[in-house]
Amino acid sequence: MRAITALTIIAAGATLSGCAWILPDESHGSRPALMWIQSILVTAGPTGNAIGTLSWVMFAGAAAILLLVVGFTAYAIFGGRRTWMTNPHFVIAFGVAMPVLVLSILLLYGLSLTARSAAREQPALRIEVVGERWWWRVHYLGADGAHQFVTANEIAIPTGVPVEFILKTSDVIHSFWVPSLAGKLDMIPGRINRYQFSAARPGIYRGQCAEYCGAQHALMAFYVVAMEPDRFRTWLENHEMPASEPATALGTKGKELFIAAGCGACHTIRGTAASGLIGPDLTHFGGRRSVAAGSFPNNAGTIAGWIVSSQHLKPGNLMPSFVNLRGEDLRAVAAYLEGLK
Amino acid sequence: MTTNAQDDARTEKPIAKGDLPNTLPRPEGELDELERIWSPPRGFHIVSAVNNIYVGVWYVGASVLFFVLAGILALLMRAQLAMPESRLIGHALYNQLFTMHGTLMMFLFAVPAVEAMGVYLLPSLQAARDLPFPRLSAYAFWAYFIGGLAFFCSLFFGLAPDGGWFMYPPLTSYTFSSGINADFWLLGIGFIEISAIAGAIEIIVGVLKTRAPGQSLDKLPVYSWAMLIFALMIVFAFPAIIVATVLLELERAFHWPFFLAEKGGDPLLWQHLFWFFGHPEVYIIFLPAAGMVSMIVPAMAQTPLVAYRLVVLAIIGTGFLSFGLWVHHMFTTGLPALSVSFFSAASMAVSVPSGIQVFAWIATFASGTLQWKTPSYFVLGFLFIFTMGGLTGVMVAMAPFDWQAHDTYFIVAHFHYVLIGGMVFPLFAAFYYWAPTTSHTPLSERLGKIAFWLMFIGVNITFFTMHLTGLMGMPRRTYTYIAAMGWGPLNMISTVGAFMIASGVLVFLIDLAKNFRPFRAKAANPWNAGTLEWLPTGEYQTRSIPIITSREPLWDQPNLARDVQEGRYYLPGAPTKTRETIITSPIDARPQYLLRMPGPTWSTVLAALFTAAFFFGLTIQIYIPAFACGALAIACVIWWIWDTDPGPDVPPVDIGGGITLPAYVTGPVSHSWWAMIVLILVAATAFACLLFSYFFLWTVNPQLWPSQPASFPHLRWPAISAALYLLSSAAVFAAGRLLARVPNRSAAPAVLALIAAILLIPLPVVIEALAQQSAGLSPSTTSYGAITYTLVAWQGFFAAVLMLMGLYTIARSLAGRLSAERRVTFDNTGLFWHYGVTQGLVTLAIVHLFPRILG
């Protein structure tokens, strides 16, 4: 009984925390707020759509074959002695000929899809994504392949044009996966994988690491935000700029505290003294939708919570819990970070 | 060998129809003596029993224990996942739980369970008194049981591995898993590998060489066929995982880089080796289960299996095809489209043999009348669940779909359908079906049906739901998920289903506790089945060994059971006053000789105990006790095999029907020759995997291979090594010639030749290591150095084994147990010696010539 009570309490807590997710760009109407934005079946790009269609074809075919097998079994058991079913020709017809025919057709379909996925166009944009334990470092590349600027855990792309992702890892194997747009591709030490896909319409699509990568593999997600090309250009220009100055007195205090507390040893905020490379770049952190690689919605409250108890919320990650930051100071740092749009 | 010609002339008669080989009444006291010779040790000493009716049942029981333990771990995981963002279990424990659940289910439940059923069932299915190497089975069981329990206990100390059952480096290498958790996995798997291979050798020789006279390959039960292919698959698949675990342990312990990209290794090497084992593994589990179904369906439908030949072909075909699919576990690693397409096609092709079997069973139902008993329920449940799993298997064989479904809950759903459907349900059918062959009372029909419905509905609730969870984007191996993802309700349903399965298993355990009374079978054939395991049995299996003229002898050969029990067939007593069985020819099952088998012994139990202690000592880094235990384990093995190879000390034996069989043979007729050949196949496959690793690492980083002649050892060193190898082989060959003159002349020259061989065999390894070292090669700097020294060390291990075998052979000679006639020990040592030398020569050629050819 006690276990059930405990489970109920946990469930209640979980439901409350779940309500906090509100995505500013797109309202999905009903809660849970993130449902169907990481699904194989609700897709928004040509690659994902093609696999979605393949999936439905196979589901239907599988259901038909399952019905056939169940039907034959029932008929064999209850239908009395059926001589046409009791000789090897029946086994050859349905155990060999039928599967060979069905599978050959399916294979041709699958191979054409595989070949199409392997085809490459000239990409409109190149983005290098590096898997880290347990977040995503995102470099936007210029035409010459050089790093333009770096961000983390959220990737903006323009709609309607092919985008190439250059996938690397800095530690163990991760897997880059945005099911609404395309299948997954691993990030393997010593190898560089390239992946090309596009988003057909604007929207927010969630991705998540799909290869077990250690303690916090469960909390390693990210967003792909697809925008109309015009909006994307604005986004790009904004992100190429250094961080904005805090607009409020609280934010200004927060900026000083951020530097004083030594956050810059691991984080970079371009335009300030903070230039660490270990953790995610925070230059435009306030504009991102999540804290801790898709673990929490991004607002002053969750930022503050993350700073003081990151080891409690995502044990084993590289950021220590800054338990000494309290009250007004903590609010100031959170306000500063939230303001980095 | 001379015995061959005699065999053929001798055994023409028994297969022809005619009078039964032995007449009634049987001599006074014959049965009593047979019973006395096969009677089990009393009291606590029962632990030292080695015959399959004891070891087989313990073996099955232990696998059920690990099934329950791994299931409990699954329930803990399901409790954690029932609610989003649950804090019931931390990530640290959860990651250990899913690693242990997978590892236990695969290595400590599924493979041992099917192997155990084979050890238990095969002799009675083939009317043999036991498998040919009873002590090897006992060792395989005890090594597995003791080692498995100790491995499981690592959970209680927080030391259980947490890198997933697939243990992908670099996550599991020393950089990211510095604790000894991963070592527990690697060394824990070590003795499971030993146990599986020991069992496979036993089963291959058992199926091929210990059959009822007349039980030719076309009359072999489908289950025997399945076990033969199963064991052969172990022989060719398990060496890959042995090599993989050795390489990873070398990397962890000594920092020899095989998988670390920054030093020229490649994580994908592990994936190739692991899945080259891992995919056949699935069929290694499924084929024996399918074999069981092919036995149960005809019995429950009271009609012979339709399309027997097609089913056997399907089993063989599955065995072949399953080695060509491993890359489908790696579709998302960024392979070229061509190899993706090839492995996609191969993965689909393997569903055809399964289709053949499914429709053969349906056809068998159609030609008979089903008995609605618990085994039928589980078989029908199997058909449904396995078909579902097969259909989703075709889906994930389609590479584009796999790019989405891979590593999501869709895959979790898929392989649980395949494995629970393809293995657990047939196993439960088998428990209910075959329990009466050992238990005085059958299992309860009522409880069995309750267990079935709870499990069947539970499995579908749990795992059908997981398809949807996966399609909604939930990845595997995640200890928590965010409530906003909306995966909560589906996960709650899966958790409820999991507890339902558990309650089904609990009902089964209650049934066992209430009704299962093993080792006390009464003569009964409750299903009116047609195969030989339903003959009346005693401690000695069958009173006399029948001639078989049909696939279902109990249906087609009238009075068979009565005649067997009265002792009218072959070998109705124990003429040599020891445990015996008839060894038959592999194709047409003609009697070849009488195998005298060893009886109960503590040596196998102790050998297993010390083997486990050796591995665990290594894992927890107490090296001196560990090596002491290793030495004790070797001593126990010598103790155990010392009684074998009895020599021609008894005259040929009349087994009835005018057949007189020798009680000792040497050469290719001998069961032990076959076992040695299988062992050499295992060794050669492992070596091939090592060479694959060498060339794989070269293709990834060819620039690490030296191109300047100055950086190689001088060619005179490998030339000297090769000469020493050939000399040692020549010495062994000469020893064989000299042995042919013993005991007419002194054994001293043969012993001296063996001593020379023993002194020669380690020298090339030492020379090779020193030559590489003086050329400046380090094992820990690059993958080239690591794999080169590994090849040398591998050969060093073989040299050590050969020296030990040589010394043992000399000891046999000094004890007067080696002569021109009594030479099985020598022949086995010689076979392995020549193999070891061949492997050494190939190693020299690769290590020294391949880089030079490149340069």
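Me: How many helices and strands does chain A have?

Reply: Chain A has 7 helices and 12 strands. The model is predicted, and every value discussed here is computed from it. Along the principal axes, the C-alpha atoms of chain A fill a box of roughly 90 × 60 × 40 Å. Of its 341 residues, 44% count as buried.

Me: What share of the contacts in chain A between residues at least 6 apart in sequence join residues at least 24 apart?

Reply: That share is 63%.

Me: In which sense do β5 and β8 of chain A pair, parallel or antiparallel?

Reply: Strand β5 (residues 163–169) of chain A pairs with β8(A) in the antiparallel sense, over 5 bridges.

Me: Which residues make the contact between α2(A) and α3(A)?

Reply: From α2(A) come T47(A), A50(A), L54(A) and G61(A), while α3(A) provides V102(A), Y109(A), L113(A) and S117(A). By class, the contact of α2(A) with α3(A) has 5 nonpolar, 3 polar and no charged residues.

Me: Which domains does the assignment give for chain A?

Reply: The domain assignment of chain A gives domain 1 (30–86 + 120–229) and domain 2 (249–338). Their C-alpha centres lie 30 Å apart. In the contact, domain 1 of chain A takes part with 16 residues and domain 2 of chain A with 14 residues. On the side of domain 1 of chain A that touches domain 2 of chain A, the elements giving two or more residues are β2 (135–141), β3 and β10 (221–227) of chain A. That side of domain 1 of chain A has 11 nonpolar, 3 polar and 2 charged residues.

Me: How far apart are the centres of domain 1 and domain 2 of chain B?

Reply: For chain B, the assignment gives domain 1 (52–515) and domain 2 (682–854). Taken over C-alpha atoms, 37 Å separate the centres of these domains of chain B. Their contact joins 21 residues of domain 1 of chain B to 21 residues of domain 2 of chain B. On the domain 1 side of this contact, α8 (222–254) and α9 (267–301) of chain B each supply at least two residues. The largest share of that side, 9 residues, comes from α8(B). By class, the side of domain 1 of chain B that touches domain 2 of chain B divides into 15 nonpolar, 4 polar and 2 charged residues.

Me: Which strands of chain B form a hairpin, and how many residues lie between them?

Reply: The hairpin is formed by β1(B) and β2(B), with 6 residues between them. In the turn, A589(B) has a positive phi of about 55°. Strand β1 (residues 579–584) of chain B pairs with β2(B) in the antiparallel sense over 6 bridges, and T584(B) stands opposite P591(B) in β2(B).

Me: Why is strand β2 of chain B described as largely enclosed by the rest of the structure?

Reply: In strand β2 (residues 591–597) of chain B, 6 of the 7 residues are buried, so this strand is largely enclosed by the rest of the structure. A residue is buried if 20 or more other C-beta atoms lie within 10 Å of its own.

Me: Finally, how many residues of chain A are in contact with chain B?

Reply: In chain A, 77 residues are in contact with 74 residues of chain B. The elements giving two or more residues to the chain A side are α1 (2–18), α2 (46–78), α3 (88–118) and β7 (185–187) of chain A. Of these, α3(A) gives the most, with 18 residues. By class, the side of chain A that touches chain B has 49 nonpolar, 21 polar and 7 charged residues.

Technical notes
Residues numbered from 1 in each chain as written. Chains lettered and ligands numbered in written order. Predicted model: local features only at pLDDT ≥ 70, side-chain atom pairs only at ≥ 80, totals over all residues. Contact = placed C-beta atoms within 7 Å. Helix = DSSP H or I, 4+ residues; strand = E, 2+ residues; numbered from the N terminus. Nonpolar A, V, L, I, M, F, W, Y, C, P; charged D, E, K, R; others polar. Buried ≥ 20, exposed ≤ 12 C-beta atoms within 10 Å, placed from the backbone. Domains from an automatic or database assignment. Pairing = 2+ DSSP bridges.
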